[in-house]
Amino acid sequence: MSYQSIDALWWQIAFILIAGWIATDLWRVMGVLLGNRIRETSEVLVLVRAIATALVAAVIAQLIVFPSGALAEQTTLWLRIVSAVAGFAAFLGLGQRVAVGVFTALGVLGVGMALGL
Amino acid sequence: MTEPAAPDDENSRAAGGFWYWYARGLREVFSLPALMLMTAFVGFAGFAREAGLPAGQVVLMTLMIWALPAKFILAAAIQSGASLVAAFIAVTLSSARLMPMVVSIVPEMRTKDTRTWVLVLLSHFVAITAWVIAMDRFREVPREWRTTFFAGLGCTLTLGNSILVGVVYGLAPNLPAELLGALFFLTPIYFLCSLWGSAREPSGQLAMVFGLLLGPVFYLLVPGVSLLVTGTVAGVAAYGAGRFARWWANRT
């Protein structure tokens, strides 16, 4: 049963509430209830965090390598990869400030677009 | 709410009631991390629009999910025609990171009088940016006003970005294509940097590298379940490598 399976507003909202709201607030409520009873260093949490991190990383890669719409039309794959690597390198090299990484990546992307790369 | 005398808290001041501390939290919306988050939400609005989601549902997602990676995953899952179960599992896995964040922030803002339902309500506003700002600013907030401070911060960030998402959704067709392209690019870079910073152990950073490399491969090999497969394969591999590294280091 996908989002497109039933062409009705109630189903689309139910889809978002179940796969979105419940799927996220579940963890938040569990976090409150467990409070400080669970150790942040627990071995299970290390594995769960690794899987979660890899999942977000897969989303990042998808947005960079297979973007949709405007980004795909305006830029080439190589320019996006070079910009992302440059931004991340600047982030790591200059004190791990997110703003530095973001502005460097956007700067390289902007220059590349202006040069028609 | 009456102000209890708290001799164990030196920061406790008579000055500043509920609205004072609520406004102090609200003011953090004008900090750099919050502004970065807003630009990422502009990118999300455009992405969700291109994924074919109607405006009302995009705003609903922002209000009810709030965490940005989870929303991107849900929108991508909907776009790829994933089943409800697959979408639920993908979002659940991506949101597991919220639990340790909530677990660590709760002891910081709880007093012995704080009701559990207040903490449950406030926990909805926990996501990377709000958590980072709160953990940074809590030192300046007397303990009994931290829930108020976080309510001001969380409510304003969530509502503000929900309005922003609705407005940008309407504006998206009128924005120059170059600007939209750059904004769409901002989101992955923003995540790239903040994800690296939020990793607690080497296996987290390794999981990120594995996920970045394997993501596009599985996207081509197993479209539809690529996020789940990448998360599991790269995550387990990174965890295994992390354990092996610890074993290797402690071998002698």
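Biologist: Leaving out residues up to four places away in sequence, what does Ser203(B) touch?

Modeller: The list is Val46(A), Ala50(A), Ala238(B), Tyr239(B) and Gly242(B), where a contact means heavy atoms within 4.5 Å. Ser203(B) itself sits in helix 11 (residues 202-221) of chain B. Bear in mind that this is a predicted model, in which local features need pLDDT of at least 70 and side-chain atom pairs count only at pLDDT 80 or more, while totals for chains, interfaces and linings use all residues. As for bookkeeping, residues are numbered from 1 along each chain as written, chains are lettered from A and ligands numbered from 1 in the order written, and side-chain values use heavy atoms, without hydrogens and water.

Biologist: Why is Ser203(B) called buried?

Modeller: Buried means under 20% relative accessible area, exposed means over 50%, and partly exposed is in between (1.4 Å probe, protein chains only). Ser203(B) comes out at 5%, so it counts as buried.

Biologist: What makes chain B a helical chain with no strands?

Modeller: Its secondary structure comes to twelve helices and zero strands. Those are DSSP runs numbered from the N terminus, H or I with at least four residues for helices and E with at least two for strands. In the C-alpha box along the principal axes, chain B takes up roughly 65 × 65 × 30 Å. Buried residues account for 52% of its 252 residues.

Biologist: What makes up the interface of chain B and chain A?

Modeller: On the chain B side 91 residues are in contact with 75 residues of chain A. About 7300 Å² is buried between the two chains, 78% of it on carbon and sulfur atoms; buried area is the accessible area (1.4 Å probe) that two parts lose on being put together, summed over both. Leu84(B), Met99(B) and Phe185(B) supply 10% of the area that chain B buries there, more than any other three residues.

Biologist: How many salt bridges cross that interface?

Modeller: Zero between chain B and chain A, and four in the structure over all chains. The rule asks for a side-chain nitrogen of Lys or Arg within 4 Å of a carboxyl oxygen of Asp or Glu.

Biologist: Why is Asp25(A) with Arg28(A) called a salt bridge?

Modeller: The closest N and O atoms are 2.6 Å apart, and the cut-off is 4 Å, so the pair qualifies. Both residues lie in helix 1 (residues 9-34) of chain A, three residues apart, about one turn of the helix.

Biologist: Which residues are linked with Glu140(B) in a network of salt bridges?

Modeller: Arg24(B), Glu28(B) and Arg137(B) are linked with Glu140(B). The Arg137(B) to Glu140(B) bridge is 3.7 Å from N to O, and Arg137(B) counts as partly exposed at 26%.

Biologist: How do you know whether helix 6 of chain B is enclosed or open?

Modeller: Ten of its twelve residues are buried, so helix 6 is largely enclosed by the rest of the structure. The cover includes helix 1 and helix 2 (43-65) of chain A, plus helix 5 (84-95), helix 7 (116-123), helix 8 and helix 9 of chain B. Helix 6 (residues 98-109) reaches 17 Å from first C-alpha to last, close to the expected 16 Å, the expected span being 1.5 Å times one less than the number of residues.
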